[in-house]
Amino acid sequence: MLGYIARRILMIVPTMLVISMVVFLVIQLPPGDYANTLMATMQDSGMDNFGVEALRKQYGLDQPVWIQYGRWIWGILSAGDFGYSFKWSVPVSQLIWDRLGLSVLVSLSALLLTWAIALPIGIFAAARKYTVGDYLASFIGFAGLAVPNFLLALLIMYGAFSIFGMSVGGLFSAEYVNAPWSFAKIGDLLSHIWIPALVVGLGGTASLIRIMRANLLDELGKPYVVTARAKGLGETRLLLKYPLRLALNPFVSSLAWVLPGLVSGETIVSIVLSLPTTGPLLLDALIAQDMYLAGSIILMLSVLTIVGTLLSDILLAILDPRVRYA
Amino acid sequence: MLEVEHAARAAKDRPDTLTRKRERYLAAGQWQLIWRRFRRHKLGLAGGAVAALIYLVALFAEFLAPTTFEEYTAAYRFAPPMPVEIVHIAQDGSWHWGLHTHPLVPTVDKVKMRRTLAPDGQTVVPIHFFVSGAPYKFWGIFPTDLHFFGTGDPKIPLMLLGGDRLGRDLLSRIIYGSRISLSIGLFGVAISLLLGVIIGGISGYIGGITDNLIQRLVEILDSIPSVPLWIGLAAIIPLTLAPELVYFLITLILALIGWTGLARVVRGRFLALKHEDFIIAARLDGASSLRIILRHMVPSFMSHIIAALSLAIPGMILAETALSYLGIGLRPPVVSWGVLLQDAQNIRTIVEAPWLLLPGGAVIVTVLALNFLGDGLRDAADPYST
């Protein structure tokens, strides 16, 4: 068990290295740098080329790419220093942690909601195979797959506004936005978070319902189920006690590929609903070529996704001895 | 009872008791079997029909749209969808038969206290088929002004799905937009197929360390959340670039991130086929690697690839829509469903003109149809399995 976990954690190192390189390459690709953006906006205010060059030197923008990359990564690893946000004129680490926390919160809530929706529907669809309910369940799942989540966010905003006359953007009511953390603020957050969580989570439910249904159907045909039924075990108890537990394993491992999708969905939905998470900040930073901010957000989102995947793998190993000893 | 069943089943499987049905099954080719199995998948069949219809609309966009995508009528800004009626009873009690609509006239909405457009219930504007309207070049070549339907009156546009903020017909723009949105899906998938077949093929055929390295790379790429990466790549495209180049680059970006799924399918099939008897026979016969791949392997997993492709297209369409909606994908004057949805950015506009969300409906229908089609194809792709 420990060996398995150690192997998985070791595997993460090269993964993170490749990801950080890809991310840095992507944010390096745009022609020009923040100094150019600044120059364009400051041309009137008398800042000459010399000032721009000085700025470049100060932030190391005149160095070759790999040196910039090395400095950036070393700063993160040694001191948790993600670089400097040119646009906001503060270190990146001051900007992202709060927002990352909320991003994680929204994604995790979405995950829980996805499970809460997909699990019972999947079980139901398998137990009542080829009935109206089964088809309805698949249809709902497919609809969740086909509606782009930003459109769903728009529809919910429109519905809430035109029917209830309320606006659903944001994660906090106006009076709590700048308030320090308190129980009241957490309560306020919980009353807001379910809408983005639902919007983000609905896209992933379709595939989970299908996985659950397929797995359970595979198990239901096996001889041990027939035996249990022949011994007189009630249908519900039979379903929940044996096949469901076996069918749950692939469900847990599906976390690995559901998670990137959830983080992606969260990014878009938070832009549409203007949530105080990483999405809007990332879009802003990319448009302004605020490279360290944008890069740090993409990097941290990827890192968190991978850590989530790792956790799901460990969870699976605990649940299923076959994985541990493979 | 059980024994009888067993005997019956054994008889069915024995080659000397060929039933007519079984004979037809054994004689049928691979594609015939796939078609037979696909035909049983009713949702897949329906999805295929709808998808074919949508692609046909995209093909004949200029002719089917009541007007062009840039033709505007200033008086019809934010026009609500115009009604289509068959029977009209005038105030004097006389009847009018035939497909018609009513022009929109400015009225004051007394509840909301603002000026809106509402159909004038008196004037009857007949809707004609094969009518001349705004001139265009069919497929960019043949100049004509023939439209499938319309009012035939240049002063009264037919806006069945309403108009946008400049008074352009939304239906026409959705129909024109289908061309970009659908083709980006096709081209994007074509590029990812190329990447997927080459990389997945190398991985599966060579195996060993190469396979291991490529698979780790695919896993890493799959574990990065795609939207932040898409936004990052799309933000690179300069605002001043020509629309055709932006279109090309966006397609490339979608393909660069989307090839991993196809590579997995191809690799899986390569691995599965590598040790099949007929492949080993071909190799012992002295056939070259290229010949084995192209002549023996590709035909036998073609159906799997087609199924994987039709499941990959909707993802591309959704991605393009999202990027364009965020303002970092395609940009006006290019018309795609995502670009059209940009008009529905803020809640005030949506509340005043909810029909601006309709391009989203086109996205949903298309994605659903393609998903059902791909699902049916995937089930039918391996007709020899039970």
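Let me begin with confidence: among the elements of chain A, helix 2 (residues 34-42) of chain A has the lowest mean pLDDT, 65, while helix 9 (residues 223-230) of chain A has the highest, 87. Here pLDDT is the predictor's confidence in each residue, from 0 to 100, and helices (H or I, at least four residues) and strands (E, at least two) are DSSP runs numbered from the N terminus. This is a predicted model, in which local features need pLDDT of at least 70 and side-chain atom pairs count only at pLDDT 80 or more, whereas totals for chains, interfaces and linings use all residues. Residues are numbered from 1 along each chain as its sequence is written, and chains are lettered from A and ligands numbered from 1 in the order in which they are written.

Turning to the sheet, three strands of chain B form an open, antiparallel sheet in the order 1-2-5, where two strands pair if DSSP finds at least two bridges between them. Strand 1 (85-89) and strand 5 (125-126) of chain B each have a single partner strand, so one side of each is left without a neighbour in the sheet. Two bridges join strand 2 (residues 95-101) of chain B to strand 5 of chain B, and B:Thr101 has B:Val125 as its bridge partner.

Now, how many residues of chain A are in contact with chain B? There are 40, and they meet 31 residues of chain B, contact being C-beta atoms, placed from the backbone, within 7 Å. Helix 1 (2-28) and helix 14 (291-319) of chain A are among the elements that give two or more residues to this side of chain A.

Methods. Contact = placed C-beta atoms within 7 Å.
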